[in-house]
Amino acid sequence: MADPMETPAAPAAPEGDTKAEATKKRSPSDFLKSVLGRPVRVKLNSGVEYRGVLACLDGYLNIAMEQTEEYGLDGQLKAKYGDCFIRGNNVLYISAQKRKGGH
């Protein structure tokens, strides 16, 4: 009789599938490289959100953005900035934003 506390083994992947899976997986670093120069949403630990074009960032997630808009906790536009610099320890997440016009 099988031990009820034992977790069942995962089924073996057919040969050849593991290489295909490995190429589909993306690291956070790959994602960040792919969104450089593109519109992003940056949410801070405080709940404030910034939307703009990701100009550059470093390993600490210090962020430089262009054409930035600041949105308050209520989701309302609060301010517009030409350039914006955000210290990385304030960042909750960075998300890709669809381009205006559906592109």
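**Figure 1. Confidence and overall make-up of the predicted chain.** The chain has an average pLDDT of 81, and 73% of its residues score at least 70; pLDDT is the predictor's confidence in each residue, from 0 to 100. Residues 1–14 have a pLDDT below 50, and beyond near neighbours in sequence this stretch has one contact in the model, a contact being heavy atoms within 4.5 Å. Where pLDDT is low, the predicted coordinates should not be read in detail. This is a predicted model in which local features need pLDDT of at least 70 and side-chain atom pairs count only at pLDDT 80 or more, while totals for chains, interfaces and linings use all residues. Residues are numbered from 1 along each chain as its sequence is written, and side-chain values use heavy atoms, with hydrogens and water left out.

The secondary structure consists of two helices and five strands, in the sequence pattern α-α-β-β-β-β-β. Helices (H or I, at least four residues) and strands (E, at least two) are DSSP runs, numbered from the N terminus. Of the 103 residues in the chain, 25% are buried; buried means under 20% relative accessible area, exposed over 50%, and partly exposed in between (1.4 Å probe, protein chains only). Among contacts with a separation of 6 or more, 40% join residues 24 or more positions apart. The accessible surface is about 7,800 Å², with 54% belonging to carbon and sulfur atoms; the areas come from the Shrake-Rupley method with a 1.4 Å probe, and for residues only the protein chains shown count as cover.

Figure 2. The strands form an open sheet in the order β4-β3-β2-β1-β5, with antiparallel pairing. Two strands pair if DSSP finds at least two bridges between them. β4 and β5 are the edge strands, each pairing on one side only. From one strand to the next the twist averages 25 degrees. Helix α2 lies across β1, β2 and β5, and runs at about 60 degrees to β5. Axes are lines fitted to C-alpha atoms, for helices over the stretch in contact, and angles run from 0 to 180 degrees between N-to-C directions.

**Figure 3. The β1–β2 hairpin and V40.** β1 and β2 pair in the antiparallel sense over five bridges. Four residues lie between the two strands of this hairpin, and G47 in the turn has a positive phi of about 100 degrees. V40 lies in β1 and has G52 of β2 as its bridge partner. V42 is partnered in β2 by Y50. V40 counts as buried because its relative accessibility is 0%. Its C-alpha atom is 5.8 Å from that of R51, a residue eleven places away along the chain. Leaving aside neighbours within four places in sequence, the contacts of V40 include V35, L54, M65 and I94.

Figure 4. Seven bridges join the antiparallel strands β2 and β3, and C56 stands opposite A64 in β3. This hairpin has five residues between its strands, with L61 in the turn at a positive phi of about 65 degrees. β3 and β4 are antiparallel and pair over eight bridges; here E66 stands opposite D83 in β4. Their hairpin has five residues between the strands, and G75 in the turn has a positive phi of about 85 degrees.

**Figure 5. The largest nonpolar core.** This core has 14 residues, of which V42, I63, M65 and I86 touch the most other members. A nonpolar core is a set of buried Ala, Val, Leu, Ile, Met, Phe, Trp, Tyr and Cys residues joined through side-chain atoms within 4.5 Å. At least two residues each are supplied by α2 (28–35), β1 (39–44), β2 (49–57), β3 (63–71), β4 (77–86) and β5 (91–96). β1 gives the largest share, three residues. Leaving aside neighbours within four places in sequence, I63 is in contact with V42, L54, C56, L57, C84, F85, I86, V91 and I94. In soluble globular proteins, nonpolar side chains tend to be buried together.

**Figure 6. V91 in strand β5.** V91 lies in β5 and counts as buried because its relative accessibility is 12%. The C-alpha atoms of V91 and L44 are separated by 4.5 Å, although the two residues are 47 residues apart along the chain. Beyond neighbours within four places in sequence, V91 is in contact with V42, K43, L44, N45, L61, I63 and I86.
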